[in-house]
Each structure stands twice: as C-alpha cells, then as structure tokens.
Amino acid sequence: MKKFLLEYANVFAYTITGLIFGLAFFLLFINFYHMQELAETVDVSSYNDTNKATVESKIETIRNNISVYNQSTYTGSLNIYGLNTVQLKLQDCLEILESEDMMKYFELDEIGIKDSYNFTLDFKNKILNDCLVMQVKSMFNTDTVSMLPNFNVIKPYVELNLDTLLDSTNYVQSNIENSDHYYFSTETNKANFFNLVDDSYSDVMNSYQNSLDLLVEVSNWYRNVVLGG
Amino acid sequence: MKKIFNWLFYGLKFLLLIAALGLTLFVLIRMNVRLEKNMMSVLPELIPFALLLILFIVNMIFKQKGVNENIFYNLTCCLVLATIVCVALRAVLDTNMVLNEKYGYGVDFNFFDNFVAYINIMLYGLSIANILFMFREKEDKVQKSKKLKKA
C-alpha cells in the first residue's frame, strides 16, 4: 500500500511538473514573440513625403490668407480688434504646426509603435488642445470676433468639425495602450496588432490633415472678411 | 552527460531564484511606493518565493536525491524562474511598451500585473511537486528488492 502511494505521489509530482513546464515554456516564448511584435517597424518614407508636401502647402495657404490684413494699413470698416484677434490666434496655430515637435514626424522613414503613440499624444496635446481648442474655439467665443461678417455661418461649421476631431484619436490611443496587455493571443488580435503601428499612424495623420483643412477654411473665411470689408 | 546537465540546472536554479526574487521585489516595491501603499502588502507576493527557497535549502541539507537528481524537475525550475526574470526585465527595460513611459514610473506595472497570477501558480506548483518528490522508497530497500530479483 505504501509503495503504491509513493508511486502515485511520484506520478502526481511528474504531472504537476509537466504542466508547469508547459505553462512556463508557453509564457517564456510568448514573451519573446510579443517583444518582437512591439519592435516591429513600418516604412513610411514615401507616405511621409506626400504628407509633408500637403501639410506645407496648407500651412502656406493659411499664412497667405492671414497676411492679407495689416492693422497699420487697413482702411476698412470692420472691427480691428476682431480682425487682430483672429490673426493672432491663427498665427499661434501656425507656430504650433511648424514647431519642431510636430514636424519631426514627417522626417521619419520608419516608425514603431512608440512613434505612433507619441504622434497621437502630440497631435492631441498640441494640435487639438493648444491650437484648435485654446486658439480657434476660444476665438469664436470673443465678442469682437462675433461682430465680423458671416460669423454665424463659420462658427457652427467649426464647432461641428471640432467635436468630431476631438474624439477622432481617442480609440487609437486606447488601442496602443492595450497592446501592453498580453494574455493568450488570438488570431484576431494578432492580425490587429500587426497593423496597429501603420493604422494608428495613418488614422492620426488623417485627423491631422482634417485639422489643417479646418484651419484653412477658417483662414479663407478671414481672408474673405478682410477683403470684403 | 545527464549528471553534468543536472548539476548545471541544479546550480542555475539557485541563481535564477535569487534573480527572480530580487527583480520581483524591485517591481513590487516600486509599485507600492507609487501607490503609496504599505510595504507589508508586498509580503504575500513573496511567500511562494520564500517557500521554494526553503524547500531548495531543505533538499540541499538533507541531500534528497528524489529532487536533487531529478533533471526534469531542475530543468522546469530553471524555465519557470527564467520566465519570471524575463517578465520582470521586460517590465523595466522594454521601452517599446508605451505604458512604461506614459506615467513616467520606469516600470510597466500593467504588464507585470498580467503575469503575477501565473507566477504564483508556477511557484506553488513547483513547491507541491518538490514535496511530492521528497517521498520515495529508502535506497537500501530498493537495493534489497533488486538483489532479491537478481537471486
């Protein structure tokens, strides 16, 4: 009986050791696999060249549009405080757009998950918050600007687009942050992950271009206001 | 050859246990400092490590061949402890994991936290297997039965 129990204990011990061996083997190699996945880079050189050209052309359009007004030479009848405010706010946005912190992403030939994530954060902090909310949205809440022509047309347009843009990259940020959690992977999340770097970057870049389009529209309105008045 | 590998894994498991314990302690202490939690709350997480260390020392002192000369058990110990070391090192050093930098702690607690349950399962499992491997027939009895069989 004792011999049987001892043999049974031995078999049980080997079973436990075998199961733990399997689990440890799985966890160790899945870690190497996950490490490789996270180190994955995507070639964006040609994509960035095209985007850089588009962004530079839009920035140039905004600059030209806001330079039509000069307080010292302006002879129109519109409120100059309103015109000054719009010009200054758009000028601040231009500085943010042309800052090294934002332009550095267009110089990258290859991007990793970290670059995608940093781009998402910089876009949210600098373009969405510092430019669109702090400058453009606040601009439309000032009394002097509300006296400018077609204010009632441009304001709802800007607010509608702004609301869409503010939420546009939240899911991208969450997706990237969730890539740190790695349990047992499925085919679906593997497929998602391989595209995560590329997709996140493209999504944020699209939102970036949409933000620029919005600024171009605002600057066009400003140009028409100045020249019309 | 088998003996050489066995002694290699036997020695390695002690080194890896100390490394795994040290790194786990480091991550847990950093996490508790960040959360401003009492340091005593780290202790339950260290029980499986302490238990395994005590069992290894008992195996060594009483020269328990059922465990010490069991190459499969020693290999599994090395694999488990290497996994814990790998997970802890990644939580600290793998900067591709974005949450590592996001909060500026220098340690990705979310990632490490995912593996805490597995670490406990594996360490408790190894302790149970160790205790079960301790029980075996005395050698003189085994030799006697072998002699009887030969006769």
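A:Ile80 counts as partly exposed, because 13 C-beta neighbours lie inside 10 Å. The model is predicted. Two further topics follow: helix 1 of chain B, and the packing of helix 1 of chain A on helix 6 of chain B.

**Around A:Ile80**
- A:Ile80 sits in helix 3 of chain A, which covers residues 80-97.
- Beyond its neighbours within four places in sequence, A:Ile80 is in contact with A:Gln71 and A:Tyr74.
- A:Asn70 is 10 residues away along the chain, and its C-alpha atom is 9.7 Å from that of A:Ile80.

**Helix 1 of chain B**
- This helix has 34 residues, 2-35, so at 1.5 Å a residue it should span 50 Å; the end C-alpha atoms are 48 Å apart, which agrees.
- Its buried residues include B:Phe9, B:Leu16, B:Leu17, B:Leu21 and B:Leu28. B:Lys13 and B:Thr24 are also among them.
- The buried residues pack against helix 2 (43-61), helix 3 (65-68), helix 4 (71-93) and helix 6 (109-134) of chain B.
- Just after the helix, B:Glu36 has a positive phi of about 55°.

**Between the chains**
- Helix 1 of chain A (residues 2-38) packs on helix 6 of chain B at about 155°, with the axes 9 Å apart.
- That angle makes the two helices roughly antiparallel.
- The crossing is left-handed.
- Residues of chain A in this contact include A:Phe12, A:Ile16, A:Ile20 and A:Leu27. Among those they meet in chain B are B:Tyr118, B:Met122, B:Leu126 and B:Phe133.
- By class, the contact has 15 nonpolar, two polar and no charged residues.

Terms used. Residues are numbered from 1 along each chain as its sequence is written. Chains are lettered from A and ligands numbered from 1 in the order in which they are written. This is a predicted model: local features need pLDDT of at least 70, side-chain atom pairs count only at pLDDT 80 or more; totals for chains, interfaces and linings use all residues. Helices (H or I, at least four residues) and strands (E, at least two) are DSSP runs, numbered from the N terminus. The expected span of a helix is 1.5 Å times one less than its number of residues. A residue is buried if 20 or more other C-beta atoms lie within 10 Å of its own, exposed if 12 or fewer, and partly exposed in between; C-beta atoms are placed from the backbone. Two residues are in contact if their C-beta atoms, placed from the backbone, lie within 7 Å. Axes are lines fitted to C-alpha atoms, for helices over the stretch in contact, and angles run from 0 to 180 degrees between N-to-C directions. Angles under 35 degrees count as roughly parallel, over 145 as roughly antiparallel, 65 to 115 as roughly perpendicular and the rest as oblique. A crossing is left-handed if the near helix is turned anticlockwise from the far one by less than a right angle, and right-handed if clockwise. Ala, Val, Leu, Ile, Met, Phe, Trp, Tyr, Cys and Pro count as nonpolar, Asp, Glu, Lys and Arg as charged, and the others, Gly among them, as polar.
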